Amino acid sequence: MKIIITEDYEELSAKAAEIMLAVVKNNPYAVLGLATGTTPLGLYGKMIEDFKANGTSYKNMTCVNLDEYVGLDKNHTQSYAYFMRKNLFDWLDINPEHTHIENGVAADAEEECRRYDSLLKKHRQDIQLLGLGSNGHIAFNEPGTAFGLGTHLVKLAPSTVRDNARLFDSEKDVPLSAFTVGPANIMNAKKILILASGAKKAEAVYGAVRGTVTESLPASILQRHGDCTLIADRQAAALL
Ligand code: F6R
């Protein structure tokens, strides 16, 4: 795993943008695997700035997202589908039909997981962006998730519900389950970029990079990927 340590969040976002934009500018048909959460927001801001300044076109690109809350439809303001539109897609020239995410209100959860697995097979990620949970999760693969899993339904860990409560009016509004791509879908990406910012992520960063590869710390699987870069700011990298 390649490790880049930055002074602060601003520099982390700039370095992440260099890597993401290199993929984007190199291939107008690129498939971008994207993440929600607060960590990628600086990077998304830089992609938008680049689009405004240089007109880099996304019209032939495909985006596939990691996860979606169960029970929230794509127009719900707390859904990840909505988050991606407001924070990235609405600012670019990407075709909305080329942006994909699990359907949080799918009637048949099993069928939805299989649909998403086939979609990812068809659109293999040229780059997969990840954030890191403070418990070591990637996407919503919580500790204990089998490395071999594809898209599946997950019950969120109490610590994840607590971490995500800041984005809701109250903790009781946070959905308790989600659809998520599995470790196997993530590992299938050609390139992986994982970002971690802040002291709360320090233990997870240490485990992901220096710990044993174990299902108890899902991000540790990334040590087995041939082209994975972790960018951490000084606080997140404090234990390395
Ligand atoms: C988001 C996702 C999660 C987040 C992680 C970190 O699509 O799958 O794994 O990346 O929870 O979240 P933030 O960036 O908010 O600290």
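Start by selecting T36: an N or O atom of its side chain lies 2.8 Å from an oxygen atom of the ligand. That is a polar contact (a pair of N or O atoms within 3.5 Å). The protein buries 93% of the 410 Å² that the ligand exposes when taken alone. Those areas are accessible areas from the Shrake-Rupley method with a 1.4 Å probe.

Before moving on, note that this is a predicted model: local features need pLDDT of at least 70, side-chain atom pairs count only at pLDDT 80 or more, and totals for chains, interfaces and linings use all residues. Residues are numbered from 1 along each chain as its sequence is written, and side-chain values use heavy atoms, with hydrogens and water left out.

**Around the ligand**

Select D67 next. A polar atom of its side chain is 2.4 Å from a ligand oxygen. Then pick A139, where a polar backbone atom sits 2.7 Å from an oxygen atom of the ligand.

Now show the whole shell of 13 residues; T39, D67, H137, A139 and K201 come nearest. A residue is near if one of its heavy atoms lies within 4 Å of the molecule. The shell holds four nonpolar, six polar (Gly counts here) and three charged (Asp, Glu, Lys and Arg) residues.

**The largest pocket**

Which pocket does the ligand take up? The ligand's space is the largest pocket. The pocket has about 450 Å³ of space. Select G37, L132, H137, R166 and K201: of 25 lining residues, these are closest to its centre. A pocket is an open set of points on a 1 Å grid over the protein atoms alone, with protein on both sides within 12 Å along at least five of seven lines; lining residues have an atom within 4 Å of a point.

Color helix α5 (residues 158-164), which gives this lining its largest share, three residues. Helices are DSSP runs (H or I) of at least four residues. The lining counts nine nonpolar, 11 polar and five charged residues.

**The second largest pocket**

Move to a volume of about 380 Å³. Of its 20 lining residues, K74, A81, R85, T99 and I101 are closest to the centre. Select α3 (80-87) and β5 (99-100); each supplies at least two lining residues. Helix α3 gives the most, with four. Finish with the lining's make-up: nine nonpolar, five polar and six charged.

Methods:
Polar contact = N/O pair within 3.5 Å; in protein donor to acceptor, adjacent residues only side chain to side chain. 1 Å grid on protein atoms, 1.4 Å probe; cavity = no way out; pocket = protein on both sides within 12 Å on 5 of 7 lines; lining within 4 Å. Sits in = over half its atoms within 2 Å of the grid points. Points joined across faces, edges and corners; volume = space filled by probe spheres on them.
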